[in-house]
Amino acid sequence: MEEESIREASNEVCREFKTLIDERDLDSLKQLQLLILGRLQDSNAVLSHFNENSENCFAEVSADFSRNTRLLKSMKLDLDYIFQKLGSMKAKILATYPDAFPDGSAKEVLDRRPDLEMP
């Protein structure tokens with residue numbers, strides 16, 4: 001008895017809701033939802049293709065990028081060593097020949113190179 005009364009109340013609420021909403025409006029909403037769904041699926045397909053293409057391109061260049069990064073680090077170490085040696089050679093020349101640098105270039109010169117490891 002109680003279940004039947006609940007069922008009748010539910011049916012009555014459903015009928016009242018159907019009278020509040022026009023069927024054409026519902027059909028229009030369904031069409032708009034289907035249109036949006038289609039656009040979202042197309043966008044998803046385009047993004048999936050883009051991601052696959054990006055992954056392939058990254059796989060192609062990652063080995064070269066790693067190799068070039070190691071090469072640049074090695075070159076930086078070599079240049080730092082050369083810069084250090086030049087400084088010590090300049091100091092030795094100045095100690096042996098005090099007049100070798102008459103224009104004042106023998107003063108301690110700070111390293112003005114930008115630090116490429118800092119962001």
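I took a salt bridge to be a side-chain nitrogen of Lys or Arg within 4 Å of a carboxyl oxygen of Asp or Glu. The model is predicted, so I noted its limits: local features need pLDDT of at least 70, side-chain atom pairs count only at pLDDT 80 or more, and totals for chains, interfaces and linings use all residues. Residues are numbered from 1 along each chain as its sequence is written, and side-chain values use heavy atoms, without hydrogens and water.

Entry on the fold. Of the 119 residues, 0% count as buried (under 20% relative accessible area; exposed is over 50%, partly exposed in between; 1.4 Å probe, protein chains only).

Entry on salt bridges. I counted 4 in the structure. Glu12 and Arg15 pair at 2.8 Å, N to O; both lie in helix H1, 3 residues apart, about one turn of the helix. Glu12 is partly exposed at 37%, and Arg15 is partly exposed at 47%. I also looked up Asp80 and Lys76, whose closest N and O atoms are 3.0 Å apart. Why are Asp80 and Lys76 separated by about one helical turn? They are 4 residues apart in helix H2.

Another pair is Arg24 with Asp22, at 3.2 Å, N to O. Arg24 is exposed, with a relative accessible area of 63%, whereas Asp22 is partly exposed at 31%.

How values were computed
Helices (H or I, at least four residues) and strands (E, at least two) are DSSP runs, numbered from the N terminus.
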